[in-house]
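Here is a short exchange on pockets and what lines them.

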Amino acid sequence: MIDKETDSLIICDRENRRVVRWSRRSGTAHGEVLIHHVKCWGLAMDDQRYLYISDYEKDEVRRYEKGDRNGIVVAGGNGIGSGLNQLNGPTYLFVDKQQSVYVSDRSNDRVMKWEKGATEGIVVAGHQGQGSGLTQLSYPNGIFVNAWGTVCVADTWNNRVMGWSQAATQGTIIVGGHGAGAKANQFHGPMGLSFDRHGNLYVVDRGNYRVQQLSIL
């Protein structure tokens, strides 16, 4: 993640169980450890510059203020499971302007939304068992939520990107869904995704060793 205010990168150094900051200025010789003892997978930052970290091992998401090394639990933290107050393998994160936290709850094949101060989450995509139906996800990862509340998610094992509008009972295929492959309309294990200000979609197409740029408007 890029921190524009400090012109630095904030990195999940997962196998070293830490989160580090590296300046993008030339001549930087080493990074700064921000958080220790965390099996970090996802990172996000809100408008108040609070840092959110998903801990894949502890099945929780914590929020950290500047200089805070302990943080507070804002999603999960009630052991591994599929209850609305639990997570199972949380990965990618998105935080909106109301400080609601969206989590790819990967091993539960769903995306959860935890509003600020909530003690349990709301299912906003999936949670109908692992599968390829429009009500299902299979190993969800990268997520993005647009201004209208539509959740876009990289549905990794289904090789597609899905969109779930607010209160929808099923998703729609935004792109992909044509089986694993290397054609322009295919993915092979899509992971991260993002949009630019022009509405272009960028997808990390892991199995094809590429990043795809797609215009979907």
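Q: How do the residues of the lining of the largest pocket divide into nonpolar, polar and charged?
A: The model is predicted: local features need pLDDT of at least 70, side-chain atom pairs count only at pLDDT 80 or more, and totals for chains, interfaces and linings use all residues. Residues are numbered from 1 along each chain as its sequence is written, and side-chain values use heavy atoms, without hydrogens and water. The lining holds 22 nonpolar, eight polar and ten charged residues. Nonpolar means Ala, Val, Leu, Ile, Met, Phe, Trp, Tyr, Cys or Pro; charged means Asp, Glu, Lys or Arg; the others, Gly among them, are polar.

Q: Why is the largest pocket said to lie between domain 1 and domain 2?
A: Domain 1 (1-125) and domain 2 (129-216) both give residues to its lining, so the pocket lies between them. The domain bounds come from an automatic or database assignment.

Q: Which strand gives the most to the lining of the second largest pocket?
A: Strand S4 (residues 32-36) does, with three residues. A strand is a DSSP run of E, at least two residues, numbered from the N terminus. The whole lining has 19 residues.

Methods
1 Å grid on protein atoms, 1.4 Å probe; cavity = no way out; pocket = protein on both sides within 12 Å on 5 of 7 lines; lining within 4 Å. Helix = DSSP H or I, 4+ residues; strand = E, 2+ residues; numbered from the N terminus.
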